[in-house]
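Work through the exercises below with the structure in view. Try each task before you read its solution.

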Amino acid sequence: MKDDLPTAFGRLHAFAQTLSGLMKEAQEAGAEQATGRDNTDCVTVTIDRSGALLSIDVSDNWA
């Protein structure tokens, strides 16, 4: 069993590296920014590709 543990950790590390690469590719293939609105269309939020907040706009009609 002890001999299997380093092998299992090696496989887990390789899987994590592969997954990390796939996530990076997916992020790079996405739009430069994304915008979303609440269900009342009174609040609009825009983020960039990295998830950083670019803007929050709140309508005068928001309550």
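**Exercise 1. Find which residue of β2 is the bridge partner of Q33.**

Step 1. This is a predicted model, so treat each position as computed.
Step 2. Find Q33 and look across to β2. Its bridge partner there is D48.
Step 3. Now take the two strands as a pair. β1 and β2 are joined over five bridges, in the antiparallel sense.
Step 4. Follow the chain between these strands. β1 and β2 form a hairpin, with five residues between them. D41 sits in that turn and has a positive phi of about 60 degrees.

**Exercise 2. Work out how β2 is joined to β3, and which residue faces V45 as its bridge partner.**

Step 1. Locate β2 at residues 43-48.
Step 2. Five bridges join β2 to β3, and the two run antiparallel.
Step 3. Pick V45: its bridge partner in β3 is I56.
Step 4. Check the turn. Four residues lie between β2 and β3, which form a hairpin. G51 in the turn has a positive phi of about 100 degrees.

**Exercise 3. State the order of the strands in the sheet, and name the edge strands.**

Step 1. The sheet is open and has three strands, in the order β1-β2-β3. The pairing is antiparallel.
Step 2. Look for strands that pair on one side only. These are β1 (33-37) and β3 (53-58), the edge strands.
Step 3. From one strand to the next, it averages 10 degrees.
Step 4. Recall what holds such a sheet together. Strands pair through backbone hydrogen bonds.

**Exercise 4. Decide whether M23 is buried or exposed, and name the surface patch residues.**

Step 1. Take its relative accessible area, 55%. Exposed means over 50%, so M23 is exposed.
Step 2. L5, F9, L12, F15, L19, L22 and M23 make a surface patch of about 750 Å².

Note on methods
Residues numbered from 1 in each chain as written. Predicted model: local features only at pLDDT ≥ 70, side-chain atom pairs only at ≥ 80, totals over all residues. Heavy atoms only, no water. Patch = residues over 30% accessible without salt bridge, like charges linked within 9 Å, V, L, I, M, F, W, Y side chains within 5 Å. Areas by Shrake-Rupley, 256 points an atom, 1.4 Å probe, with all protein chains shown as cover. Salt bridge = Lys/Arg side-chain N within 4 Å of Asp/Glu carboxyl O. Buried < 20%, exposed > 50% of the residue type's maximum accessible area, 1.4 Å probe, protein only. Pairing = 2+ DSSP bridges. Axes fitted to C-alpha atoms, helices over the stretch in contact; angles between N-to-C directions.
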